[in-house]
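Dear colleague,

Please find the structure below for your records.

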Amino acid sequence: LSVMSSRYEVFQNENAWTWMDTILGDNKVEYHTAGTLRGGRVVWILAKMDGTQEIVKNDPVEKYLLLVNSHDGSVAVGMHTTPIRFSCSNTMTAAIGAGQQYVSIKHTSSIHRRIDEAVKALAVGEAYFDNYISAMRSLAYTRMSDRDMAEFTKSLLHIQPNKEGKVNVQTESAERTINELFITGKGQDNPLVRGTAWAAMNAVTEYIDFHSRVQKIGGSGQGSDVAQGRRLHRSWLGKGQTTRNRAYSLLHGFQSNGSDHFAPQLVRI
């Protein structure tokens with residue numbers, strides 16, 4: 001049960017479409033998909049924007065605008081610039097420098113009059129996407145061995161065996177899957193991607209979006225639509241974004257310091 005203040009204003013689904021139409025105006029855009037998460041409590045609209053860029057040849061990243069709204073106050077109305085890799089539909093957002101990929105707007109009585117904030121989100125998103133493409137191209141030119149990848153994954157997941165030499169089973173499974181995706185993930189067969197820090201970034205993102213373990217609901221398994229909905233919510237609005245940010249930070253450090261950058265990140269679990 002959520003208790004809202006007297007200033008809270010419900011933002012209905014039909015308002016979201018009208019609002020987004022107004023914001024996008026004459027921009028080249030194509031509505032892509034829409035849906036709900038958490039049993040309808042969170043609603044989202046994904047629109048494909050003009051401006052697809054290639055990180056390397058034959059590896060395009062498309063620019064999307066994601067509108068997210070909640071009916072229980074858990075999420076503010078937000079406009080998120082969302083790069084998505086074409087070959088695997090991975091959500092490729094990451095904190096690049098001081099760039100910001102989203103602008104949130106609170107559920108208050110002024111929400112319908114704050115179009116200017118949403119227009120600002122478009123401008124912020126344009127700058128973010130350009131910076132993102134530049135950063136990922138830099139990762140694509142950074143060679144990374146299987147051993148480097150193994151050390152990166154241990155650092156990313158904070159893996160260090162306990163006194164008995166053991167690692168948590170679920171953490172060990174995540175480590176194994178991410179390392180496998182570095183080689184076998186979608187789009188990793190591109191020779192310009194294989195064996196680079198860009199491939200490492202994609203391995204982490206594919207794991208978050210499609211392979212990470214989520215809490216079961218009733219009899220639903222890890223491959224169910226329910227589980228995938230939970231992954232999507234976590235990827236867009238939860239810990240998935242934090243993990244992607246950490247992955248990029250580690251890989252950015254690797255560019256300057258090599259695998260030595262990973263060692264200080266290890267902590268005992």
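On a 1 Å grid over the protein atoms alone, a cavity is a set of points where a 1.4 Å probe fits but cannot get out, and a pocket is an open set with protein on both sides within 12 Å along at least five of seven lines; lining residues have an atom within 4 Å of a point. Grid points are joined across faces, edges and corners, and a volume is the space filled by probe spheres set on the points.

The model is predicted, so local features need pLDDT of at least 70 and side-chain atom pairs pLDDT 80 or more, while totals for chains, interfaces and linings use all residues. Numbering starts from 1 along each chain as its sequence is written, and side-chain values use heavy atoms, without hydrogens and water.

One cavity of 30 Å³ or more is present, and the largest cavity holds about 60 Å³. Its lining includes Lys 63, Gly 125 and Glu 126. Helix H2 contributes the most, four residues (helices are DSSP runs of H or I, at least four residues, numbered from the N terminus).

Glu 126 belongs to H2, residues 115-140. At 39% relative accessibility, Glu 126 is partly exposed, the class between buried (under 20%) and exposed (over 50%), with a 1.4 Å probe and protein chains only. The C-alpha atoms of Glu 126 and Gly 51 lie 9.3 Å apart, across 75 residues of sequence.

The largest pocket has a volume of about 620 Å³. Of its 21 lining residues, Leu 157, Ala 174, Tyr 207, Ser 212 and Arg 234 lie nearest the centre. Helix H4 supplies the largest share, six residues.

With kind regards

Notes. Helices (H or I, at least four residues) and strands (E, at least two) are DSSP runs, numbered from the N terminus.
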